[in-house]
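Reader: I have a structure to go through with you. Could we begin with how its parts meet?

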Protein chains: 2
Amino acid sequence: MNSNLQIVILGGGFAGLQAARSLRRANVDLTIIDRRNFHLFQPLLYQVATGELSPANISAPLRALLRKQKNARVLLGEVQVVDLNNKVVCLTDREIAYDYLIVALGSVHHYFGHDDWEKIAPGLKTIENATEIRRQLLGAFEAAERSPNPDEIRDLLTFVIVGGGPTGCELAGAIAEIARHTLKNDFRTINPADARIVLIEPSEYPLDVYAQPLPGKAAQQLQRLGVEVISRTRVTGIHQTHVELLTEGKEQAWRINTRTVLWAAGVKASPIAASLLRQTELTSARGGRIPVQNDTSLQSHPNVFVLGDLASFNHDEKGDLPGLAPVATQMGAHAAKCIIADLNERPRTAFHYRDRGSMAVIGRYSAVGVIGGWKFYGFVAWFLWLAVHLMYITMFRNRMLVLVQWGWTFLTHDRSARLILDGPTPRIPQLAETTGWDNDPAMPHVESTER
Amino acid sequence: MNSNLQIVILGGGFAGLQAARSLRRANVDLTIIDRRNFHLFQPLLYQVATGELSPANISAPLRALLRKQKNARVLLGEVQVVDLNNKVVCLTDREIAYDYLIVALGSVHHYFGHDDWEKIAPGLKTIENATEIRRQLLGAFEAAERSPNPDEIRDLLTFVIVGGGPTGCELAGAIAEIARHTLKNDFRTINPADARIVLIEPSEYPLDVYAQPLPGKAAQQLQRLGVEVISRTRVTGIHQTHVELLTEGKEQAWRINTRTVLWAAGVKASPIAASLLRQTELTSARGGRIPVQNDTSLQSHPNVFVLGDLASFNHDEKGDLPGLAPVATQMGAHAAKCIIADLNERPRTAFHYRDRGSMAVIGRYSAVGVIGGWKFYGFVAWFLWLAVHLMYITMFRNRMLVLVQWGWTFLTHDRSARLILDGPTPRIPQLAETTGWDNDPAMPHVESTER
């Protein structure tokens, strides 16, 4: 029957995949379009970046996930344009018509207008980001081991993480563990434990989306792991050799010399959002998100659903829902429910996010979280985090492998996925002679193509 | 004591690593230099290329392997020049003096003077090669699923492997298994089992380094897996859209249309060999190898050892030793023994390769091999191959993970490491209109930057 309703899903993340699965028994034809051939379990991406897991451990081929769902097909492709009026999605090499469209393309890094920072300070969204961060982290220790210059060694062993949200805390904690434990006896010239790990947080405490005492506890736990938390401070410049910082209430900017800056400070809606906003004449919400109706569809186009990070859904008047996997999954299921309601000529229902809680891990034995209104921190939170994440990893096989690798890392502090791949052998950047910062307020921006 | 003998080892492969380990109790300072921070278990690299294992499963960080060996340090770096007379190794950013030098840099692909083929037909030597091959293989199925053109689909689903040695057979067998089993129900438009897998072999049978009946059995087993073996045929051209072939005794070249060509036809000595040959005024042996003395050192420079693939060691007048891990490992141990003999002012001994056997795997239940003079094939050979390779994987942790992944793949035919990474989304190359081959002997070489 080619007369089936054509449903096109853009993005095979948590929202898109759930929408597809929830429509498995519907009499429709589903097309899931993604740039990548796999679904990524993003909550564990930082473990790929820090060499604990391999990319394949947290990825599952979309085709394998949807193999048995005969009404679904997967297409690899990059979405160029969505034409809402003609109900067509344009890929690079073809057009696909739809009756219903589910847009779940997620978010990208946001450098607050400083797109040039991206080259120096990678964020953590894709597998490629993760392997690049891994390369920079491990490469810095390698370069330090080779360097004859104590100042250079100190700079190479300084790691700055911008942003104290969940990703920033995860990265900072894991880097501290690498430096203090994993690499402990690996080098002959440097002592990896000398590494300075700095977390830059604009507010008073990291993880300030949580209510007290959790942010305070998080700061304590980070410090215990050896992370230096610099509060009430913003980044005003990122350069090959240093970051510029401005602390609240101070007039004078200051700097930290470093060769490794990681970006965990912000995301914005996928570029597709701008075009959708233009076509619907809607006003962009915070971070470029698209305002949706209470059923997650677009006001002017009820056959188009916008889900996950891309949607601005006004939840209990509290502002947008957070960019979390459970939000995306529930929205995916809801969009599917609305389509089924339409098919059965029943009214759609409004979306309600059931907040079962959320957690952020910091390091071994360290996490904070809220589950069912209860606040947890320390060992208990860490243990719960472990259990929940293991439960949610999509495919059974990965779950077993992740368990084995976690068990090993836990027992030995070792991380086997410590491969420096893809890219030139890390080299010590050629530095321009810089005079001291205080003497040189103009501060030369050292350009270098190497990093 | 800085008066220790300085021993520099170039290359952290099987030969270099074994040499370092065998010198663990010697009163020397060891420096192991490698471009990469890990030792690679190359015999299983084809499983990374075919999505069964992750890169980290077959790699072990060199620093972790040598962590407890206090007389060894690891340096990441690319060797630019070895100056034999001044006993100095030059890296990009520094020079390192040595008393003894162990050169174990292995081999690179050899395209028989057609270096332009490398862009189209990747070989399998590095992790990057493996992930690139994985990307091309899986990308071809994806592109075929998207294509509206039956001819194009047929070309996309044609996989040509050049060279029927162990690597060629491993790749051909694994691709057949992917097409017939792993991807069985993954696509909606194409049937992956339609894929044509072609192995081009210049002699009568693949794996002809073995004595009969093994090559004949190998050909049978390949055919049973669905691989088309084309014997007595050489490749005379590799293009974006096809390969040109010339069969023994025929005058007319012919072609196979394909978008995926894998190179498993030859290796030659690492580029460092040429410079060493020039400095020693030795004549290059087959494949650019460096002729060594019976103790594996250079005639003119007894403090320099050349090991593994790089050495031409005349074994029982039978020609060079094969480029196998056991050869490299034994040579590494022998070079270490010679250095220890020198330290103790005892005479060096001659190197003797103890051939315990060798094996080549073809697919599930299929392998051939010789162990202790006994010939094996079929299930028994496959089972032995499995046991031996599991035993030899370097680190305990990887062994366990590999076992889990193999068990899973065996039970389910599934391969989890099926990520298409690093590179543009596979696209269908823009084809020039080509007329048929027979009508157009000039045959336009279709240039395309995409692949």
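Author: We may begin with a term: buried area is the accessible area, taken with a 1.4 Å probe, that two parts lose on being put together, summed over both. Please note that this is a predicted model.

Reader: What domains does the assignment give for chain A?

Author: Domain 1 of chain A covers 5-35 + 77-109 + 268-343, and domain 2 covers 117-265. Their C-alpha centres lie 35 Å apart. The contact involves four residues from domain 1 of chain A and six residues from domain 2 of chain A.

Reader: And how much area is buried between domain 1 and domain 2 of chain A?

Author: The area buried between them is about 360 Å², and carbon and sulfur atoms give 55% of it. On the side of domain 1 of chain A, the residues that lose the most area to domain 2 are A:R35, A:S107 and A:H109, which together make up 90% of what that side buries.

Reader: How many salt bridges are counted between domain 1 and domain 2 of chain A?

Author: The count between these two domains is one salt bridge. The rule also finds three residue pairs in polar contact across this interface. By class, the side of domain 1 of chain A that touches domain 2 has no nonpolar, two polar and two charged residues.

Reader: Which residue meets A:K125 in a salt bridge?

Author: The partner of A:K125 is A:D309, with a distance of 3.9 Å from N to O.

Reader: How many salt bridges are there over all chains?

Author: The count over all chains comes to 31 salt bridges. Another pair to look at is A:E142 with B:R63, whose closest N and O atoms are 2.4 Å apart. A:E142 lies in helix α5 (residues 127-146) of chain A and B:R63 in helix α3 (residues 62-65) of chain B, so this pair joins two chains.

Reader: Changing topic to the backbone: what kind of peptide bond joins A:Q212 and A:P213?

Author: That bond is cis, with omega about 10°. A:P213 sits in the loop between β12 (196-200) and α8 (214-225) of chain A. In chain B, the bond from B:Q212 to B:P213 is likewise cis, with omega near 10°.

Reader: What about phi at A:L207?

Author: A:L207 has a positive phi of about 55°, although it is not a glycine. A:L207 is in the loop between β12 and α8 of chain A.

Reader: Lastly, which residues of chain A does the UniProt "transmembrane region" annotation cover?

Author: The annotation, from an unreviewed UniProt entry, covers residues 374-393 of chain A. In the model, this span is 75% helix and 20% strand, and its end C-alpha atoms lie 24 Å apart.

How values were computed. Residues numbered from 1 in each chain as written. Chains lettered and ligands numbered in written order. Predicted model: local features only at pLDDT ≥ 70, side-chain atom pairs only at ≥ 80, totals over all residues. Heavy atoms only, no water. Domains from an automatic or database assignment. Contact = heavy atoms within 4.5 Å. Salt bridge = Lys/Arg side-chain N within 4 Å of Asp/Glu carboxyl O. Polar contact = N/O pair within 3.5 Å; in protein donor to acceptor, adjacent residues only side chain to side chain. Nonpolar A, V, L, I, M, F, W, Y, C, P; charged D, E, K, R; others polar. UniProt positions renumbered as here; feature names shortened; annotations may be inferred. Helix = DSSP H or I, 4+ residues; strand = E, 2+ residues; numbered from the N terminus.
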